[in-house]
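Please work through the exercises below with the sequence and the model open beside you, and try each task before reading its solution.

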Amino acid sequence: MSLQNILEQHVKQAVNSIYSADLQSVEFQATRKEFAGDITVVVFPMLRVVKGNPVQIGEAIGNYLLENVTEVEGFNVVKGFLNLEIQASYFVNYFNSIKDQETFGFVNASAENKAVMVEYSSPNTNKPLHLGHIRNNLLGYSVAEIIKASGKKVYKTQIINDRGIHICKSMLAWQRFGNAETPESTGLKGDKLVGNYYVKFDQEYKKEIAALMAEGKTEDEAKKEAPILISAQQMLQKWEAGDKDVVTLWETMNGWVYKGFDETYKNLGVDFDNLYFESETYLLGKEFVAEGLKSGVFFKKEDGSVWCDLTADGLDEKIVLRSDGTAVYMTQDIGTAIQRVKDYPDVGGMVYTVGNEQEYHFQVLFLIIKKLGFDWAKNLFHLSYGMVDLPSGKMKSREGTVVDADDLIVEMADTAKTISEDLGKLEGYTDQEKTDLYKTIGLGALKYYILKVDPKKRILFDPKDSIDFQGNTGPFIQYTYARIQSILRKAGVDATVTLSADQVALEDKERELIKQLQLFPEVIQQAATNHSPALIANYTYDLVKAFNSFYQNVSILGADTQNEIVFRVQLSQAVANTIKNAFSLLGVAVPERM
């Protein structure tokens, strides 16, 4: 049982015994460094059920705990804060209970917990992945890993946007200007080749608009009447009609893109358990619109279109079926969500990793699914995130001014190489070991820089800032891990023994480190509840700071006694293990040497 759980029980007993009142919960926080103590009970919330002076209440509870709780050896009260001093033996015993747990903090999935499906990436098949996709992928993958570590089964999925006018634009441009080139004949990744023709379409489209405007057309007229756009629209109609030649071209070019995507995902270190394709899901949802019409969830307007009135819920009216009977995105999303639960009956909730410009869409989607009577609708979550900006400004796919994901991954490794060579710490490494290390550092820097920020916040990403061996960065944490591995290689002691509290004289820095380790299981649960990898990232940074303070102030291998050496080596090992586990939740690898 954690210290917090032990104390919560006794604080509730104290309040009941002294004041004949029942507390629903007890609020704790870390004791401020200027006061003596290991954990602080916040008295102020108790004033709702206990009337009196918060200092006097704190004193009364403190005396009760001192008399009745063996772990408490002293206390002090500062205003409405009860600072408790905990016996060193508690920390040693706690450490002994976790030191051999390889996955300390992780909870195995249990049958009573419904599974969660996490959707991320979900790209269009008309262009390669870019920096914005990277944030999406890293967030979705990390949240999936965190939810899994919190004790739930997780399915990672994506819905690939493989149909629509934007796909036809790339297809038409390749057909007209591609001279039958392929990824093999050009040496280009398939997603990049197809993306080049999306840009080419836009260039030709703009030329035609300019020509039509020179003939006297308005800009709006020119945009609608440009022959290349009309041809793309006609191609989409042929695709929907199942035209053999168009479908064959669509399958071929999409195949190129999927191969390119897979390579990028592998390099980025993300994966999926299953895939959905918009070409297969775009007709889903109509049957539920029909059922919703019967039950009164939807209503039909005079033109035959079907709507959902959400004004009573503070939203507006939302169309779910056009007057010609065709579906809109909302229809498809309703149908896809329901289909996923049919496909995976153990799923009881879903997380959609989609940019914050779609917040209203998901509010409406979740509300409609709830109104249709699906109880799992209460467990739907939009993992909304802000855009990623660069020092040079915003990205635009149509104009080809995006930061390509593959190029960025290579750039990060190159930057790591330059900085590592400048530091000159790679003597004795083979060329392959160096290459692997540069990739580990570069990717770690990229992932940590993005994930340490609250998802809702916009990010200004500077590759060089992210690769810094000082401060709150991935490489700084990786370097600390590698430093610990170096200590462990040199230790030469039997670290498998268990030392009793009587055999260990706990230093303040050791106590602080154990307290930091103790937080990890709760941080995982909080990160899962809040869908926030930033909580894991910043916890890991705090753990590393605590270890470095310990390392600088307490001798490890040069300690006075064998017991001290063994305990400090064990403590270092537990910290390294927790860094590795925490970073695995962010999808970040840790190097054994650096």
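The model is predicted, so local features need pLDDT of at least 70 and side-chain atom pairs count only at pLDDT 80 or more, while totals for chains, interfaces and linings use all residues. Residues are numbered from 1 along each chain as its sequence is written, and side-chain values use heavy atoms, with hydrogens and water left out.

**Exercise 1.** Find the order of the strands in the sheet that holds β8, β9 and β10, and follow its bridges.

Solution. Strands here are DSSP runs (E, at least two residues; helices are runs of H or I, at least four), numbered from the N terminus, and two strands pair if DSSP finds at least two bridges between them. Step one: the 3 strands make an open sheet in the order β8-β9-β10, with antiparallel pairing. Step two: β8 (299-300) and β10 (317-321) each have a single partner strand, so they stand at the edges and one side of each lacks a neighbour in the sheet. Step three: between β8 and β9 (residues 306-309) there are 2 bridges; F299 is the bridge partner of W307, and K300 stands opposite V306. Step four: the hairpin of these two strands has 5 residues between them, and G304 takes a positive phi near 95°. Step five: β9 is joined to β10 by 4 bridges, and W307 has I319 of β10 as a bridge partner.

**Exercise 2.** Describe the sheet that contains β5 and β6, and name the helices that pack against its strands.

Solution. Step one: the order of this open sheet of 5 strands is β7-β6-β5-β11-β12, and the pairing is parallel. Step two: β7 (274-277) and β12 (380-385) stand at the edges, since each has a single partner strand. Step three: the twist averages 25° from one strand to the next, where angles run from 0 to 180 degrees between N-to-C directions and axes are lines fitted to C-alpha atoms, for helices over the stretch in contact. Step four: β5 (residues 115-119) and β6 (residues 154-160) are joined by 4 bridges, and T157 in β6 is the bridge partner of E119. Step five: helix α13 (residues 329-343) touches β5, β6, β7 and β11 (347-355), contact meaning heavy atoms within 4.5 Å, whereas helix α14 (residues 359-371) lies across β11 and β12 and runs at about 180° to β12.

**Exercise 3.** Work out how helices α20 and α21 are arranged.

Solution. Step one: the axes of α20 (residues 520-530) and α21 (residues 533-553) come within 7 Å and cross at roughly 155°. Step two: angles under 35 degrees count as roughly parallel, over 145 as roughly antiparallel, 65 to 115 as roughly perpendicular and the rest as oblique; α20 and α21 are therefore roughly antiparallel. Step three: the contact includes F520 and V523 of α20, and L535, I536 and Y539 of α21.

**Exercise 4.** State how many cavities of 30 Å³ or more the structure holds, and which residues line the largest.

Solution. Step one: on a 1 Å grid over the protein atoms alone, a cavity is a set of points where a 1.4 Å probe fits but cannot get out, and lining residues have an atom within 4 Å of a point. Step two: the search finds 1 such cavity, and the largest cavity has a volume of about 50 Å³, a volume being the space filled by probe spheres set on the points, which are joined across faces, edges and corners. Step three: the lining consists of I98, K99, Q101, F104, L517, A574, N577 and T578, and helix α22 (residues 562-585) gives the most to it, with 3 residues.

Technical notes. 1 Å grid on protein atoms, 1.4 Å probe; cavity = no way out; pocket = protein on both sides within 12 Å on 5 of 7 lines; lining within 4 Å.
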